[in-house]
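Here is a friendly walk through the structure, starting with a pocket and ending with some peptide bonds. Keep the 3D view open as you read.

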Amino acid sequence: MELTIADHPLIAHKVTSLRDTETTSHQFRQLVEELVILLTFEATKSLPTEPVSVETPLTSATGVRLAGPAPLIVPILRAGLGMLSGITKLLPDAEVGFLGIKRNEETLEPETYANRLPEDLSGRQIILIDPMLATGGTLNDSLDYAFERGATEAICICLLGAPEGVDAVRKHTESTWPQNKVDVHLAALDEKLNEIGYIVPGLGDAGDRLYGSSGS
């Protein structure tokens with residue numbers, strides 16, 4: 001597993017605004033979209049390309065385009081939906097699948113309640129999006145779903161991460177999927193998890209702050 005933590009003043013500025021309790025849901029959604037665009041730009045630099053010839057107003061030119069098949073973007077419900085509009089602005093031709101995974105607040109273990117992924121993901125570039133990498137259980141389950149269906153590479157884009165979650169994903173992928181490629185991209189790596197599994201200092205419940213209501 002490769003971990004990339006963003007190092008850019010624009011990203012740091014927007015993360016600070018995300019943390020602020022005075023930030024409204026409307027502002028929060030806008031910030032998430034902007035952050036996802038910035039993170040996706042870096043996270044997708046290794047997407048495969050193929051040469052293509054085009055006609056300019058003056059002559060022909062050789063360039064590149066993304067090679068098929070199209071990437072599959074997988075938001076983790078429900079908070080991952082808040083990241084979808086940002087990433088599809090950069091990858092408008094990508095396909096979208098969905099995973100519904102929520103955390104049991106007593107055991108802190110992930111529970112899957114929805115799966116809308118193709119049965120065969122062989123040769124597909126998978127991009128998993130979820131605002132928070134806390135315990136790592138949700139991301140590990142999501143990677144399992146993708147790799148069990150034949151995918152061998154996954155890009156994971158999260159806004160905030162905790163060291164405990166990063167370590168859990170690293171240990172799981174290296175022991176269970178050592179032959180597969182996993183890249184994790186974070187806007188910031190925070191200090192720790194608290195006793196109920198929330199990232200500290202964090203930004204609270206990302207889903208509640210995106211949509212202005214509680215629920216799963």
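## A pocket and its lining

Let's begin with the second largest pocket, where α2 gives the most to the lining, with four residues. Please keep in mind that this is a predicted model. The pocket has a volume of about 180 Å³. Its lining is made by Thr4, Ile5, Ala6, Asp7, His8, Ile11, Leu38, Leu39, Phe41, Glu42, His185 and Leu186. Besides α2, the elements that give two or more residues to this lining are β1 (2-5) and β11.

What is the make-up of the lining by class? Seven of its residues are nonpolar, three are polar and two are charged.

## Helix α2

Helix α2 covers residues 25-43, which makes 19 residues.

The buried residues of α2 are Phe28, Leu31, Val32, Glu33, Leu35, Val36, Leu39, Thr40 and Ala43.

In soluble globular proteins, nonpolar side chains tend to be buried together. Here, the largest nonpolar core has 34 residues, and the members that touch the most others are Leu18, Val32, Ile87, Ile129, Ile157 and Leu159. The elements giving two or more residues to this core are α1, α2, α3, β8 (125-129), β10, β11 and α6. Of these, α2 supplies the largest share, seven residues.

A second, separate core has 26 residues, among them Leu72, Leu121, Ala146 and Trp177.

## Two buried residues to look up

Met83 sits in the loop between β4 (72-77) and α3 (84-90). Is Met83 buried or exposed? With a relative accessible area of 0%, Met83 is buried. Not counting residues up to four places away in sequence, Met83 touches Val32, Val36, Ile129, Asp130, Pro131, Ile157, Cys158 and Leu159. The C-alpha atoms of Met83 and Leu35 are separated by 8.7 Å, although the two residues are 48 residues apart along the chain.

Ile199 belongs to strand β13 (residues 199-200). Because its relative accessibility is 7%, Ile199 counts as buried. Beyond four places in sequence, the residues touching Ile199 are Met132, Leu133, Ala134, Leu160, Gly161, Ala162, Asp190, Lys192 and Leu193. Lys102 is 97 residues away from Ile199 along the chain, and their C-alpha atoms are separated by 16 Å.

## Two cis peptide bonds

Most residues other than glycine have a negative phi, and most peptide bonds are trans. Where can you find cis bonds in this model? The peptide bond from Gly68 to Pro69 is cis, with omega near -5°. Pro69 lies in the loop between β3 (60-66) and β4.

Another cis peptide bond joins Val200 and Pro201, with omega about 5°. Pro201 is in the loop between β13 and α6.

Technical notes. Residues are numbered from 1 along each chain as its sequence is written. This is a predicted model: local features need pLDDT of at least 70, side-chain atom pairs count only at pLDDT 80 or more; totals for chains, interfaces and linings use all residues. Side-chain values use heavy atoms; hydrogens and water are left out. Buried means under 20% relative accessible area, exposed over 50%, partly exposed in between (1.4 Å probe, protein chains only). Contact means heavy atoms within 4.5 Å. The expected span of a helix is 1.5 Å times one less than its number of residues. A nonpolar core is a set of buried Ala, Val, Leu, Ile, Met, Phe, Trp, Tyr and Cys residues joined through side-chain atoms within 4.5 Å. On a 1 Å grid over the protein atoms alone, a cavity is a set of points where a 1.4 Å probe fits but cannot get out, and a pocket is an open set with protein on both sides within 12 Å along at least five of seven lines; lining residues have an atom within 4 Å of a point. Grid points are joined across faces, edges and corners, and a volume is the space filled by probe spheres set on the points. Ala, Val, Leu, Ile, Met, Phe, Trp, Tyr, Cys and Pro count as nonpolar, Asp, Glu, Lys and Arg as charged, and the others, Gly among them, as polar.
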